[in-house]
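Welcome! Here is a short tour of one structure, with a heading for each stop.

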Amino acid sequence: MAIDVGRGPGATEPMAPKWHIILLRRCGSFVSHGVLLLMLCPGVAAGEPVRAAYFGMTFVQTSLEPTSDAERARLAMVEAQLRERLALAGAYTFVDTGPVAERMALYENPAHCNGCDTAFAEELGAAVAISGEVQKTSNLILHISIYIREAGTARLIGGGSADIRSNTDESWRRGVDYIVKNRILRE
């Protein structure tokens, strides 16, 4: 008996990625990939940047060492780098988060505030909320995560993560570059 790995049950139809099947079941109809992209990210497919509320990056210190001035400077550096890379690519245009800054300051980490970021993004008229974090386990082990969530629903729709193996300006920049290039802007 031959098995066709490129086909689904009974070898009668091509296999689709799981996310595609889930969306098709929820939508109740077959939707082409192009229309599906328009539904998920209306601005991207039309060539217009997506309106985003960017709440910056948070440093999560899980090592035994105190946070250094150099790490605070690196955090500011990668916050600016992420915003600049996404804007220069034409993928996102950023709304002013000043009107919600005082309320957002009540939360330690916008990436993990139980949807406060997406509620604020919706209030500001943005389609998505973008936030991130750099977690330091030691000077040799750091982890960078960037989250792009749909405003209002808090559904994760993009982003990525990277592990870096040194605590330098260059390694932090390369980590963010990797996520932007290979996870966020890859399409």
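## The disulfide

A disulfide here is a pair of cysteine sulfur atoms within 2.5 Å. The structure holds one: Cys113 and Cys116 are joined, with their sulfur atoms 1.9 Å apart. The torsion about the S-S bond of Cys113 and Cys116 is about -100 degrees, so this disulfide is left-handed. Both cysteines are buried (under 20% relative accessible area; exposed is over 50%, partly exposed in between; 1.4 Å probe, protein chains only).

## About the model

This is a predicted model, in which local features need pLDDT of at least 70 and side-chain atom pairs count only at pLDDT 80 or more, while totals for chains, interfaces and linings use all residues. Residues are numbered from 1 along each chain as its sequence is written, and side-chain values use heavy atoms, leaving out hydrogens and water.

## The nonpolar cores

A nonpolar core is a set of buried Ala, Val, Leu, Ile, Met, Phe, Trp, Tyr and Cys residues joined through side-chain atoms within 4.5 Å. The largest has 26 residues, of which Leu82, Tyr92 and Ile130 touch the most other members. Among the elements that each supply at least two of its residues are strand 1 (50-61), helix 4 (69-88) and helix 7 (169-184). Apart from this core lies another, of 13 residues, including Val95, Met104, Cys116 and Ala126.

## Gly132

Gly132 sits in strand 3 (residues 128-136); helices (H or I, at least four residues) and strands (E, at least two) are DSSP runs, numbered from the N terminus. At 0% relative accessibility, Gly132 counts as buried. Leaving aside neighbours within four places in sequence, its contacts (heavy atoms within 4.5 Å) include Gly56, Asn109 and Tyr147.
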